[in-house]
Amino acid sequence: MPLNNSSNIIVSAGNVPESGESMDSLFVPKIDHVGKQTYSAPDLLVSNPKQTVIGSFTSIGRRVRIGHGTHPQHYLSTSPYLYLDRLGYKTAKTPSHNEWEVLAPVYIGSDVWIGDDVLIKNGVTVGHGAIIGAKSVVTKDVPPYAIVCGIPAKVLRYRFSPDIIKKLLKLKWWTLPHAKIKQIPYDDIAKAIRVIERFRVK
Ligand SMILES: CC(C)(COP(=O)(O)OP(=O)(O)OC[C@H]1O[C@@H](n2cnc3c(N)ncnc32)[C@H](O)[C@@H]1OP(=O)(O)O)[C@@H](O)C(=O)NCCC(=O)NCCS
């Protein structure tokens, strides 16, 4: 993706990108809880924007669905016309089932990469550092630093060895100030860990 100073980045409250640059046609998800430098390509839908949480430095592809609507399976009908009061079929004698509109939030960590056309089910947690392959349907929690893909999404492999993952989860580099992050030799994982460890002891 080309980097430029495009003004079409949409910045939600409390989440001002600090790099001074934005990526063309990308935007910050308009949800209440989103970390720094997280962005999405167009057509992101978050079903519970008040409670869903996305960490920092997370990259989201096109047409991603984070959570989705859900309908009851065991009533006479799956249609919301019968069970949501606001749609007009409610009478004094029929019970309300407005709870079907309350969708469990999704929790997405930091440094997650979500490919195009991914759907993540309500209530799922995606661990820090995970990758979700294009067109996957994520039905279960994704472990940190796992690469998952498919329908339903399954673990393909892990980005790093268990020992490195353990260190990264302890160090949480994305919580460092920007000036420090810029100094990390990010393309050499062993050196990067050594530098972050030095930052953490200071
Ligand atoms: C998941 C992903 C990161 C894996 O990339 P990779 O490490 O190069 O993986 P490979 O191409 O070597 O594929 C490894 C295996 O996973 C399968 N696979 C890869 N991506 C898949 C996907 N999205 N869904 C289902 N299976 C997938 C491959 O068929 C292959 O299977 P095999 O071992 O049985 O032959 C990549 O395929 C992907 O989906 N990237 C997202 C791209 C995208 O959406 N970009 C736009 C946003 S920036």
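Reader: What makes β13 and β15 a pair in this predicted model?

Author: Two strands pair if at least two bridges are found between them. Strand β13 (residues 131-132) and β15 are joined in the parallel sense over 2 bridges, so they meet the cut-off. Within this pairing, Ile132 stands opposite Val148 in β15.

Reader: How do you know that β15 also pairs with β16, and in which sense?

Author: The cut-off is at least two bridges, and 4 bridges join β15 to strand β16 (residues 154-158), so the two count as paired. They run antiparallel. Val148 stands opposite Val155 in β16. The hairpin of β15 and β16 has 4 residues between the strands, and Gly150 there takes a positive phi near 100°.

Reader: Which residues of β15 lie on its covered face, and which on the uncovered one?

Author: Ala146 and Val148 form the covered face of β15 (residues 146-149). Ile147 and Cys149 form the uncovered face. Ile147, Cys149 and Gly150 are also among the residues around the ligand.

Reader: What is the make-up of the shell around the ligand?

Author: Its residues divide into 5 nonpolar, 5 polar and 2 charged. Asp and Lys count as charged, and the shell includes Asp116 and Lys135. Gly counts as polar; Gly61, Gly115 and Gly133 are among the residues listed.

Reader: Why are β3 and β12 placed at the edges of their sheet?

Author: The open sheet has 4 strands in the order β3-β6-β9-β12, with parallel pairing. β3 (33-34) and β12 (125-126) each have a single partner strand, so one side of each is left without a neighbour in the sheet. Inside the order, β6 (residues 53-54) and β9 (residues 107-108) pair over 2 bridges, and Val53 stands opposite Tyr107 in β9.

Note on methods:
Residues are numbered from 1 along each chain as its sequence is written. This is a predicted model: local features need pLDDT of at least 70, side-chain atom pairs count only at pLDDT 80 or more; totals for chains, interfaces and linings use all residues. A residue is near a molecule or strand if its C-beta atom, placed from the backbone, lies within 6 Å of it. A residue is buried if 20 or more other C-beta atoms lie within 10 Å of its own, exposed if 12 or fewer, and partly exposed in between; C-beta atoms are placed from the backbone.
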